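User: Hi! I'd like to learn how to read a few features of a protein model. Could you walk me through them?

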Amino acid sequence: MKTSIKETNQCVRELTITIESENAITDYNKIVNQFKKYVAVPGFRKGKAPISMIEKSFGPQIKEEFYNQKLGEYYKEAIDTENIHPINQGEALDFEWEKGKDLVVTFKYEIMPEIKAEKYRELEIPFEPVKFKKDMIDATLDEYRNKMATETPVEITENSNIIEATFKFLNEENEVTKEENRKFILGENQYSKSFNTKLTGLKVDDEVKTKLFTKSQKSDDAEIDNSIKDRDFLVKINTIKQKNIPEINDDFAKDLEYDSLKDLNVKVEEELKGKIEEDNKNNMKSAVLAQLIEENAFELPASIVKQVAENMAKPYAEAYKMELDQMTQMYMGVAEFNLKGHYLIDEIKKIEEIKISDEEKEEIIKEAAENVKMDLEKYKKMYKKQIESSDFTYAAEEDKVIEIVKKSSKFVALPKESKKQSKK
């Protein structure tokens, strides 16, 4: 057996195995003899047919069985000889073998790359914390108002009404080919200005013929692609409702179980500041990890990333009845980021010899109890399982690493493009 290894990238290797012709034919003949014992050839008793007849009758099956039995053995022998440690089962690439020739087969496999955290101090990390602004209170109260809004039927359609209607698809002969129900707010939807004008002043059961989009508009309606977006449709009004949004006053606050509007404002401000603080902490950690990944670039085996993405996607795929493969693709980027961050943190932990002392652990628990305004002993009892888990220790060690990076680094303004995307 001869072997050679080709490096495709940091994580992928191609192992080419050459089995000399005499060894290949010896192994192949063993498979032929197995067939000879158990298969029947017309005109011969079982086990008595000539080898040539066996091969003539069962050639493809013999070769397939030869590959199935022997390729795995060749692969295992080769990786043992080369002292290779793949993280997945090698995949045999396309190959062909003929008797009398060497058997040459290439296996593609993945390995873990060497991960080095060489740059984790004195970094420039793009990050700008969100600052509390008073108008955030107004925005939050508006959200509450909309959630508490009621809907009442009205007789005639006008702007801001909530409309439920049946859209009837017409062909070129003005025949109805399909019907779809739609719910939208008149004057505040994806359809054209002309569409909204035509639907104004109508009653329940009224039906009008109208185009939904102009030629220059892009259709965001899943059922109406761009090829039919400006075709005539029949639209029948099923229900007309007006959204009634409550006024912001003491009664509104009391409906939300606060003593007064002043009390509501104070509590909303406290909650917003707490959320902003927590979000800033998490976003700063993500910014630190992102910079660590950029400064210490490495590739990851695709199979590991996919497996983690699949585990992340599975609950959502089941909940929303989506294809797992489709949902998995949505999580690939997040999975890769999380994995790279995890591996780099582990490397820094080794370099810095990070450990969590009992005193540090006690301080973390105390702070957590204070954050939820709970008695320390009660907190320990309630969260005993989590506190004693390896995840708790890992999170504490991770925070310690993040703190080391933060203290020696400088946070800088986000690039203008990032700012624009954040606002969006």
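User: Is Tyr331 buried or exposed?

Analyst: This is a predicted model, so every value here is computed from it. Residues under 20% relative accessible area count as buried. Tyr331 has 18% relative accessibility, so Tyr331 is buried. Tyr316, at 41%, counts as partly exposed.

User: How is a pair of aromatic rings described?

Analyst: You look at two things: the distance of the centres and the angle of the planes. In this model the count comes to 18 aromatic pairs. Take Tyr316 and Tyr331: their ring centres are 5.8 Å apart and their planes are at 20°, so this pair is stacked. Planes under 30 degrees apart count as stacked.

User: Which parts does the pair of Tyr316 and Tyr331 tie together?

Analyst: Tyr316 belongs to helix H7 (residues 302-319) and Tyr331 to helix H8 (residues 324-352), so the pair joins parts that are 15 residues apart in sequence. Elsewhere, ring pairs link Tyr28, Phe66, Tyr67, Phe95 and Trp97 into a cluster.

User: Which rings have the charged end of a lysine over them?

Analyst: Here are two cases. Lys273 has its charged end over the ring of Phe132, 5.1 Å from the ring centre. The charged end of Lys340 sits over the ring of Phe298, 5.7 Å from its centre.

User: What lines the largest pocket?

Analyst: The lining divides into 17 charged, eight nonpolar and three polar residues. The pocket holds about 1,200 Å³ of space. Of its 28 lining residues, Glu278, Lys281, Glu367, Asn371 and Asp399 are the closest to its centre. Helix H6 gives the most to this lining, with 10 residues.

How values were computed. Residues numbered from 1 in each chain as written. Predicted model: local features only at pLDDT ≥ 70, side-chain atom pairs only at ≥ 80, totals over all residues. Heavy atoms only, no water. Phe/Tyr/Trp six-rings, centres within 6.5 Å; stacked < 30°, edge-to-face > 60°. Helix = DSSP H or I, 4+ residues; strand = E, 2+ residues; numbered from the N terminus. Buried < 20%, exposed > 50% of the residue type's maximum accessible area, 1.4 Å probe, protein only. Lys NZ or Arg CZ within 6 Å of the ring centre and 35° of its normal. 1 Å grid on protein atoms, 1.4 Å probe; cavity = no way out; pocket = protein on both sides within 12 Å on 5 of 7 lines; lining within 4 Å. Points joined across faces, edges and corners; volume = space filled by probe spheres on them. Nonpolar A, V, L, I, M, F, W, Y, C, P; charged D, E, K, R; others polar.
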